[in-house]
4 protein chains.
Amino acid sequence: MQLGMIGLGRMGANLVRRVLCAGHDCVVYDRDTVAVETLVSAGAVGTESIAELASKLVAPRVVWVMVPAGVITHSVIAELAGLLEGGDIVIDGGNSYYRDAVRHAEELAGKGIRMLDCGTSGGVWGLARGFSLMIGGDRSAYAAAEPIFEALAPGVLAAERTKGRDGEVAPEEKGYLHCGPSGAGHFVKMVHNGIEYGMMAAVSEGLNILHRADIGVTETVSEDAETAPMTHPEFYRYVLDLPAIAEVWRRGSVIGSWLVDLTAAALVESPDLSAFEGWVSDSGEGRWTAIAAIEEGVPAPVITAALGSRFASRNLNEFADKAVAAMRKKFGGHDEKPGATR
Amino acid sequence: MQLGMIGLGRMGANLVRRVLCAGHDCVVYDRDTVAVETLVSAGAVGTESIAELASKLVAPRVVWVMVPAGVITHSVIAELAGLLEGGDIVIDGGNSYYRDAVRHAEELAGKGIRMLDCGTSGGVWGLARGFSLMIGGDRSAYAAAEPIFEALAPGVLAAERTKGRDGEVAPEEKGYLHCGPSGAGHFVKMVHNGIEYGMMAAVSEGLNILHRADIGVTETVSEDAETAPMTHPEFYRYVLDLPAIAEVWRRGSVIGSWLVDLTAAALVESPDLSAFEGWVSDSGEGRWTAIAAIEEGVPAPVITAALGSRFASRNLNEFADKAVAAMRKKFGGHDEKPGATR
Amino acid sequence: MQLGMIGLGRMGANLVRRVLCAGHDCVVYDRDTVAVETLVSAGAVGTESIAELASKLVAPRVVWVMVPAGVITHSVIAELAGLLEGGDIVIDGGNSYYRDAVRHAEELAGKGIRMLDCGTSGGVWGLARGFSLMIGGDRSAYAAAEPIFEALAPGVLAAERTKGRDGEVAPEEKGYLHCGPSGAGHFVKMVHNGIEYGMMAAVSEGLNILHRADIGVTETVSEDAETAPMTHPEFYRYVLDLPAIAEVWRRGSVIGSWLVDLTAAALVESPDLSAFEGWVSDSGEGRWTAIAAIEEGVPAPVITAALGSRFASRNLNEFADKAVAAMRKKFGGHDEKPGATR
Amino acid sequence: MQLGMIGLGRMGANLVRRVLCAGHDCVVYDRDTVAVETLVSAGAVGTESIAELASKLVAPRVVWVMVPAGVITHSVIAELAGLLEGGDIVIDGGNSYYRDAVRHAEELAGKGIRMLDCGTSGGVWGLARGFSLMIGGDRSAYAAAEPIFEALAPGVLAAERTKGRDGEVAPEEKGYLHCGPSGAGHFVKMVHNGIEYGMMAAVSEGLNILHRADIGVTETVSEDAETAPMTHPEFYRYVLDLPAIAEVWRRGSVIGSWLVDLTAAALVESPDLSAFEGWVSDSGEGRWTAIAAIEEGVPAPVITAALGSRFASRNLNEFADKAVAAMRKKFGGHDEKPGATR
């Protein structure tokens, strides 16, 4: 079948390549003409505008939007609303807030255009490994676009079958799932990313504990009323090989996971992680997961702590730290002792 | 080669079977004679006491201790100290505190007995998948016992090779690693389990958020000064299929991991998890990881939050909750409103 | 001057009494006629409807709305919008979301009615101690209503003057403050309550640690692979007198505070807090504070942890706990061990 | 009566002055001779060594040790053990680990010397406000030294009597309490400080949320896939007067407390807290409280989060942040975007 793709960044380009490999046709557009040309060489049909893209697709058109969430997604969908026809399908595959997907679906429904929201996990590796797809919205649109989802997903062979499942292979066993009505796909992807925040933070905190396991030999015990006396320096004498440790966790261990695989790869390249500054962006989904937990009244201490650590990595805790320092000065006359400089 | 195994519970028995499969000999002991007989049928040599086990091993003996951490491990090692000879090797493969391993190593060293501490991950699946082994202690003992470790580990084929690694396959790529001097193995395993706590909590919190995504339709908005007004019930109308969602995350997703595989399997059996009460034990390593983080001065908000959630699952937060309720009553005259009964 | 009060619950009734004591006139309304009569005996003018209340006030009217946040506040303000005239003043003194205050102010502004949002802290003790008032909205309205705020606030003598402040006494030194435009009052009150959540949780967690300081004598050390070995029972042999401890913290200590005063009082009445179940409601402001922190990108681990503990007190963590238990069963064959029953 | 004081830092000197004011005699020692002379001018008897101090006291001697916890406290108590006699009393008034107090008490008991551990709260303000004293150890020693404790404590008039208490005034109502056997005083003080950490963090996080309430006007909305789209900039337009807000919370509010008083004073001096860097030391008691919670199995999410924030203020989260950044680079090709520089 035929797929239109708007947005040819890291994710969009890989989606197109994987769809092409499966034998489907792709009509593509991006503001960056080099990105378009690159995919034309890979077999896609290039266009110079969204209007041209729409005109080159046969009805019912299937247009996948893969641009930054928020204002840009909104404007692309608004433009499509004026170009498409009743029965056409728009797929928002980016990290949009699920509430935006609900609103977009309602707007497009007014013109008879069907919308799907598709949470897409797999990162830059999706081309090779396939993408995990969480889809919400109109069921008929989902059925129509299913060949595309099947082409993008890793397929059933990517993992052993879960014990207790038998009979025909379900879509979720191939790596894609219709989760529910509009917004359900992005909602599930949002929570998926919240879990991702928590898992990444768990691994990273563990590595930090291993990294500091040598303080009994590297740090001098300071003796003043301002500093916690070091307890048991004799138990912190380990100089550990982090790249080897991450590697050993890749096989047979309970924490075995793709994140540990990637950590092992990163540590081979930069064993002390000096290639990184430690500024961790957050692109919305962690925040929204935390807000959903709050609005549902669900405790999510791990996920919210992981989110807070990302904020703090960008020094957004500084004013609070100063306030604590100010109180200590006021009640105890405590002067500040410098921390490690960053 | 020949291995002695003391303790034939779930873990110990599987270790023996895997070693036997690799063509080594095993002499085994457990207080439970049925456990011994079962392994004798599988090809092991059974014994009725630790002394008999020691007598059936050829020097230099290699004795693996796989019993509950703490008092029992301590008494078994003390008994071995009286039975073994200089040059023999004791391996503590349980979830002992690494500080105990340091002490045991010192005690045994006095008699010339070499000790290894071996963190063993893989659970009841280790027989089939192999175990991930984190080893500390005497290097010569490690070298002598390496064939056993190699037999237990999953082997290099269990995962794709990490990009950037080439040349000869390192032990960690097969699934076992000598991490450092006495205690280093249990230290690394301890942190591994701390990470495990965090990852498990992240997945579980995410599932809870998905589970409650229908409160906009299932809960009545109550209107009194005691209750947070429900915000946006229209955005919490999703009745989600959790077994299918866990399954879709198994292929291609960033959070793909063995824990998600197991979650998917558990949800197939009990889609609403009603087979469980929600009491979560902790067996020491999470606590010790949190303590290590504190003593190192390393922030570990995710791991410590995961640990606290386990305590709270056993109602150990109850007195604190009562204290908050008492304060609210005192300052605001607020009466308690019952929560969901457990 | 003259004040109209709608809503005569615990807070509203005390506000009226304090305003009456200061020599002002009050016209009051509540659906509960007994509440109205009680205040009529105290000197207020009673009414049977909001319309009657409006008719008994002299323009420019000042009407304080003290009803549950959300739907009820919204409907009362909507009704007032139809009854009041340009130049009149509406004060929302409840725990409304500050965004609602912004919207209400805009709606009322269309009719020339001025609105103030007033965060009101002090609980049932405000009558005796005075209320702390955080006010947002139209400055001219604030100036007009200032005598009421001054009557309600504790006054400058309620605390020693802050070092570094001199000259004329500022309103904030009397206990009320115009914080900024519409919503600013409720925003500051919201954050105030977020801090309150954190402080209450800190005290309560501390009490719980004291409460369990005797486990070295009261609990048996269990020895199985499922249970963390008790570390150092010899250091947990304290049977502590919590009412006396809370009392000793009331004088001279760094944590001295009204919350500790109230805790001491609660513990005199119920030394083991058995008068309480431990179900802790949340009435919105903690949630909104946490959401504001997320939207601002500010780490707020303590406040969000305190909020999560309240959710968990109502068993909303149950599904997550079951998920962790399910994973443990799957990877390690671990059966659940019951926690303390609640 | 007569008191010996070793250690004349901020705390020790104020203790001596307060005891002198109450009409008792003080014999003092410090390595810093200026500190000794200053107190001699205030009426104390100065000495040049611990031995001289011991010789100038009349048996049964009462010696208060007020030096940094850990090695220094240990060596002073060891020296005293050689100088004092059966029946003498040593009081450790510093922030020692309660387990050290237990050990010191046992050591001194061998020589018939009685020991008290006394947690002392009040900071540099204790001279004026009195100290809150939490005492553990030998009851007869406590009885003998009670006049000193009474002189140091704030006295019953420092706070209104707790409702429900009547009859004779208990020691805890004056500000000192015998909490239990050896270590109980420092244990209670340890938990007190844990609560202090939580309260300070709660206030500071709240201030940070107020501080960033203007991001809707001060920050540009960036539109790329790396950045969370700003939600509702229209609701973050408040430029708030933090010194005034802290002040208004001092009277009548639920969070009214000495910590808020001190915050208000700090903000008058430095309204944007630019006088501080934000490096927050921790001197042991927060760590020990967190460890006690872990060993008791008590969830303490707020107190441990507050502790973690202190570690992070000293950049001890840096390696973990780098690990998260490394994973994001690996799975998504995400480059780091700089945070605010510190």
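How many residues does the contact take from chain B and from chain A? In this predicted model, the contact takes 94 residues from chain B and 94 residues from chain A. The area buried between these two chains is about 7800 Å², and carbon and sulfur atoms give 67% of that area. On the chain B side, B:Ile209, B:Arg251 and B:Val254 lose the most area to chain A, together accounting for 11% of what that side buries.

The side of chain B that touches chain A divides into 54 nonpolar, 22 polar and 18 charged residues. Its largest share, 17 residues, comes from helix H9 of chain B, which spans residues 184-211. Polar links are found here as well: chain B and chain A have 38 residue pairs in polar contact, both partners being at pLDDT 80 or more. Two salt bridges are counted between chain B and chain A. In a salt bridge between these chains, the side chain of B:Glu247 meets that of A:Arg165, at 3.2 Å from N to O.

How are the two copies placed relative to one another? Chain B can be laid on chain A by a turn of 180° and a shift of 0.0 Å along the axis, with an RMSD of 0.0 Å. The two copies are thus related as by a two-fold rotation axis. Within chain B, the C-alpha nearest that axis belongs to B:Ser257, 1.9 Å away from it. The same surface serves both copies, as 100% of the contact residues of chain B recur in chain A.

Over all chains, the count comes to 40 aromatic pairs. For A:Phe235 and B:Tyr98, the ring centres are 6.1 Å apart and the planes stand at 85°, so the pair is edge-to-face. This pair crosses between chains: A:Phe235 sits in the loop between helix H10 (215-218) and helix H11 (242-248) of chain A, while B:Tyr98 belongs to helix H5 (residues 98-109) of chain B.

Chain A also meets chain D, in a contact that takes 80 residues from each of the two chains. Together, chain D and chain A bury about 7100 Å², with 62% of it on carbon and sulfur atoms. Of the area that chain D buries against chain A, 12% is supplied by D:Phe319, D:Lys330 and D:Phe331, more than by any other three residues.

Between chain D and chain A the count is two salt bridges. Polar contacts join 20 residue pairs across the interface of chain D and chain A, with both residues at pLDDT 80 or more. Helices H4 (71-83), H9 (184-211), H12 (258-269), H13 (285-296), H14 (301-313) and H15 (318-332) of chain D each supply at least two residues of the side that touches chain A. The largest share of that side comes from H15(D), with 15 residues. By class, the side of chain D that touches chain A has 35 nonpolar, 22 polar and 23 charged residues.

A rotation of 180° with 0.0 Å of shift along its axis superposes chain D on chain A, at an RMSD of 0.0 Å. Of the interface residues of chain D, 100% are also interface residues in chain A, so the copies meet through the same surface.

Conventions
Residues are numbered from 1 along each chain as its sequence is written. Chains are lettered from A and ligands numbered from 1 in the order in which they are written. This is a predicted model: local features need pLDDT of at least 70, side-chain atom pairs count only at pLDDT 80 or more; totals for chains, interfaces and linings use all residues. Side-chain values use heavy atoms; hydrogens and water are left out. Contact means heavy atoms within 4.5 Å. Buried area is the accessible area (1.4 Å probe) that two parts lose on being put together, summed over both. A salt bridge is a side-chain nitrogen of Lys or Arg within 4 Å of a carboxyl oxygen of Asp or Glu. A polar contact is a pair of N or O atoms within 3.5 Å; within protein, one must be able to donate a hydrogen and the other to accept it, and residues adjacent in sequence count only if both atoms are side-chain atoms. Helices (H or I, at least four residues) and strands (E, at least two) are DSSP runs, numbered from the N terminus. Ala, Val, Leu, Ile, Met, Phe, Trp, Tyr, Cys and Pro count as nonpolar, Asp, Glu, Lys and Arg as charged, and the others, Gly among them, as polar. Copies are superposed by least squares on the C-alpha atoms of residues with pLDDT of at least 70 in both. Rings of Phe, Tyr and Trp (its six-membered ring) pair if their centres lie within 6.5 Å; planes under 30 degrees apart count as stacked, over 60 as edge-to-face and the rest as tilted.
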